[in-house]
Amino acid sequence: CTHNKHCLPAMGNLIKVLGKDLENCPHFFLDFENAQPTEAETAVWNQVSAVLEEAHGILAELQSYNGAGQEIREAIQNPNDLQLQEKAWNAVCPLVAKLKRFYEFSLRLENALRSLLEALTSPPYAPMQHLEREQALAKQFAEILHFTLSFDELKMTNPAIQNDFSYYRRTISRNRLNNQQLEAENEVNNEMANRMSLFYAEATPMLKTLSNATTKFVSENKTLPIEDTTDCLSTMACVCRVMLETPEYRCRFTNTDTMLFCMRVMVGVIILYDHVHPVGAFAKTSKIDMKGCIKVLKEQPSNSVEGLLNALRYTTRHLNDDSTSKQIRALLQ
């Protein structure tokens with residue numbers, strides 16, 4: 001198929017070649033950059049939009065999250081110095097309020113994802129038709145994945161988060177509560193603290209939230225074949241891979257962020273697919289060309305993709321199954 005007759009604007013519009021068997025090459029054009037919602041998409045689009053607007057702020061807050069390590073260390077080393085105890089407590093409380101905000105955001109993200117999955121898998125259209133018809137929603141789905149991997153990457157490289165939170169819990173459970181502490185405990189009561197603990201104990205908490213939500217979506221929609229959900233994911237992985245490996249498309253990215261966006265989304269849908277599909281993304285029967293996807297990542301400068309390769313190594317479910325070929329495992333060594 002010749003793509004050159006398509007004259008594309010400079011930003012990352014994607015033309016995609018896809019089909020049950022990729023040789024058939026039906027064209028379809030997925031505009032990650034400028035897709036605007038059609039009337040039918042507006043309701044879901046507005047709901048998801050409100051959540052995504054908040055996502056930027058959440059990432060910025062997480063990026064600047066420095067933790068109270070210093071104050072906590074001093075408090076622990078001088079247990080009888082009440083001033084230092086108070087200083088550590090006052091440093092940790094606003095941080096825990098932040099962590100609570102991040103956790104509550106994950107619940108909103110989960111709802112947004114459910115709405116998108118409903119829209120992108122509803123009969124009578126095939127997943128491919130959905131992605132073609134509802135490009136603005138496909139773009140939002142991609143943005144959720146992009147946010148999720150960005151969030152988890154920042155969280156994984158920031159040990160302060162769990163240290164701060166466990167200090168907070170220890171302090172509360174020692175029951176040395178003055179009034180200030182009681183106020184803070186109302187802010188994060190025990191049940192909330194338990195849920196937050198489980199969330200932050202995950203290496204990749206946002207991804208876990210999404211894959212649980214997707215699995216739950218599939219199990220609740222008994223009439224909807226699981227393939228409708230997983231095909232939506234594998235189609236998207238394919239869109240991203242072809243975009244990244246085809247020079248004619250790639251040279252149209254005026255913005256290096258679009259490359260990274262595309263790589264993140266590709267990895268995100270692979271991981272989701274691997275969690276939701278019974279045999280996962282790595283088996284021979286998988287509809288995702290894993291070799292091609294890993295190869296594309298490995299061609300990028302390692303500092304920009306190491307986090308993504310690690311996500312494939314450590315957050316997928318089926319990589320170490322017997323059905324995964326030695327070749328794919330070797331690629332990820």
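This is a predicted model: local features need pLDDT of at least 70, side-chain atom pairs count only at pLDDT 80 or more; totals for chains, interfaces and linings use all residues.
Visitor: Is Phe165 buried or exposed?
Guide: Residues are numbered from 1 along each chain as its sequence is written, and side-chain values use heavy atoms, with hydrogens and water left out. Buried means under 20% relative accessible area, exposed over 50%, and partly exposed in between, with a 1.4 Å probe and protein chains only. Because the relative accessibility of Phe165 is 3%, this residue counts as buried.

Visitor: Are the rings of Phe147 and Phe151 stacked, edge-to-face or tilted?
Guide: Rings of Phe, Tyr and Trp (its six-membered ring) pair if their centres lie within 6.5 Å, planes under 30 degrees apart counting as stacked, over 60 as edge-to-face and the rest as tilted, and by this rule there are eight aromatic pairs. Since the centres of Phe147 and Phe151 are 5.8 Å apart and their planes stand at 45°, the pair is tilted.

Visitor: By about how much of a helix are Phe147 and Phe151 separated?
Guide: Helices (H or I, at least four residues) and strands (E, at least two) are DSSP runs, numbered from the N terminus. Phe147 is buried at 3% relative accessible area. Because Phe147 and Phe151 are four residues apart in helix H5 (residues 135-156), their separation is about one helical turn.

Visitor: How far apart in sequence are the parts that Phe165 and Tyr200 tie together?
Guide: Phe151 is buried too, at 0% relative accessibility. Phe165 and Tyr200 form a tilted aromatic pair, with 6.5 Å from centre to centre and 50° between the planes. Because Phe165 lies in helix H6 (residues 160-173) and Tyr200 in helix H8 (residues 190-201), the pair ties together parts whose distance in sequence is 35 residues.

Visitor: Which backbone oxygen does the side chain of Thr324 reach at 3.1 Å?
Guide: Thr324 is placed in the loop between helix H14 (302-314) and helix H15 (326-331), and at 4% relative accessibility it counts as buried. Its side chain reaches the backbone oxygen of His318 at 3.0 Å. At 3.1 Å, the side chain of Thr324 reaches the backbone oxygen of Leu319.

Visitor: Which element has the lowest mean pLDDT?
Guide: The mean pLDDT of the protein is 82, and 85% of its residues reach 70 or more. Among the elements, helix H2 (residues 69-77) has the highest mean, 96, whereas the lowest, 38 over residues 13-17, belongs to strand S1.

Terms used
pLDDT is the predictor's confidence in each residue, from 0 to 100. A polar contact is a pair of N or O atoms within 3.5 Å; within protein, one must be able to donate a hydrogen and the other to accept it, and residues adjacent in sequence count only if both atoms are side-chain atoms.
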